[in-house]
Amino acid sequence: MGSPPAALSGPVLGVESSCDEMAAAVVDTDGAILSSEVHDQAEVHRPYGGVVPELASRDHLRAVSTVVAAALAKAGLETKDLAGVAVTAGPGLMGSLLVGLSFGKALAYRAGLPIVGVHHLAGHLAAAELADPELRPPYLGLVVSGGHTALYRIHESEPATTLGQTRDDAVGEAFDKVAKLLSLPYPGGPSLARLAEKGDETRIAFPRPMEDAGLDFSYSGLKTAVALEIEARSPMDETARADLAASFQAAATDVLVTKAIRALDEQALSRLAIVGGVAANARLRERVAEAAAREGFHASFPPLSLCTDNAAMIAAAGARLLARGERHGLDLTAFSRVRLDEAPWVAPASGARG
Ligand code: KG4
Ligand code: ZN
């Protein structure tokens with residue numbers, strides 16, 4: 001690769017479009033968020049009860065230039081003031097990824113800026129680091145989103161080590177599916193959490209899948225147990241629905257807490273970051289805070305605005321890569337599937353697979 005490019009500092013534009021949010025943000029190398037714009041597509045997908053990939057790509061194409069322009073304007077910057085561009089290169093929906101990636105590349109090309117591709121999950125973890133100066137490697141990263149449920153050991157500079165992951169559904173996916181079974185409005189996870197607030201979580205003893213074994217997760221059995229329970233109890237009044245939602249939420253989040261404590265113990269780590277959309281869940285946040293106080297570890301959650309998909313997290317992760325001299329060329333491509341332990345970023349030269 002020749003001699004490494006010089007380390008670089010200054011504002012970095014982040015672009016994220018891996019799923020159904022078009023987001024752009026500017027973050028300085030010192031971690032200050034100068035702007036963070038998110039255009040969500042809930043209205044587009046609501047009639048279908050889930051993300052429709054082709055509609056997501058088309059809406060990204062409509063929104064991308066406006067969202068990027070707004071992020072620059074709110075930061076009070078023009079492209080010539082930027083030090084670099086960071087874009088999500090994977091994992092995610094291919095059509096969605098390509099919109100942000102192509103736009104980011106065109107902007108970098110036009111302005112003569114360096115570009116780096118960022119792994120979406122490295123972005124989620126960077127959000128936690130951005131918000132909490134006490135969170136520094138080595139630490140345990142629990143990623144809980146619509147597509148991922150995994151535990152990682154996060155190192156200073158080498159790729160993360162995967163300690164455990166889901167064998168079937170992701171926890172956010174389970175929230176979304178149970179919400180759909182209860183005919184709750186899309187997006188399901190937050191709707192289900194709201195209904196659960198009014199319920200008694202001790203009402204139904206749902207299974208805590210694989211709670212006693214290892215660090216892997218499984219959510220498809222829990223989802224089936226909930227479906228059978230709904231069938232057996234229907235028609236349900238509002239109280240019964242709230243009790244069922246609360247009981248599901250308790251089972252789904254208890255497993256996360258148990259496994260995180262086990263991993264901290266096994267890995268002799270004292271810091272935990274919980275990131276991704278499900279990290280916005282109030283019950284999970286409460287239970288983790290209780291466990292941290294009881295067991296004496298440091299727990300870190302990004303603020304709610306940085307839990308679900310956003311571009312500040314991508315800019316922050318990208319700024320770090322750029323600051324240590326990382327560069328990806330204009331041949332940077334997108335990866336629908338790429339593991340975080342293959343590389344913390346996605347670069348063609350890293351051998352990452354699509
Ligand atoms: O990180 P994210 O925005 O997108 C992915 O990378 O998947 O996570 C979205 C997921 C969805 O499954 C959504 O239902 C879930 O996070 N989610 C929640 C809550 N807010 C979002 N799940 C439970 N409780 C919440 N408050
Ligand atoms: Zn995400």
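**A look at His148**

Me: Which residues does His148 contact, leaving aside its neighbours within four places in sequence?
Reply: His148 touches Pro91, Leu121, Val143 and Ala170. Contact means heavy atoms within 4.5 Å. This is a predicted model: local features need pLDDT of at least 70, side-chain atom pairs count only at pLDDT 80 or more, and totals for chains, interfaces and linings use all residues. Residues are numbered from 1 along each chain as its sequence is written, and side-chain values use heavy atoms, with hydrogens and water left out.

Me: Where is His148 found?
Reply: In the loop between β6 (139–144) and β7 (149–154). Strands (E, at least two residues) and helices (H or I, at least four) are DSSP runs, numbered from the N terminus.

Me: Is His148 buried or partly exposed?
Reply: Partly exposed, because its relative accessible area is 26%. Buried means under 20%, exposed over 50%, partly exposed in between (1.4 Å probe, protein chains only).

Me: New topic. How many residues of α8 are buried?
Reply: 21 of the 30, so α8 is largely enclosed by the rest of the structure.

Me: And what follows α8?
Reply: Ala268, with a positive phi near 50°.

Me: Now the open sheet. What is the strand order?
Reply: β3-β2-β1-β4-β5, with mixed pairing. Two strands pair if DSSP finds at least two bridges between them.

Me: Which strands stand at the edges?
Reply: β3 (33–40) and β5 (115–119). Each has a single partner strand, so one side of each is left without a neighbour in the sheet.

Me: How many bridges join β4 and β5?
Reply: Five, in the parallel sense. Thr88 stands opposite Val118 in β5.

Definitions and conventions
Chains are lettered from A and ligands numbered from 1 in the order in which they are written.
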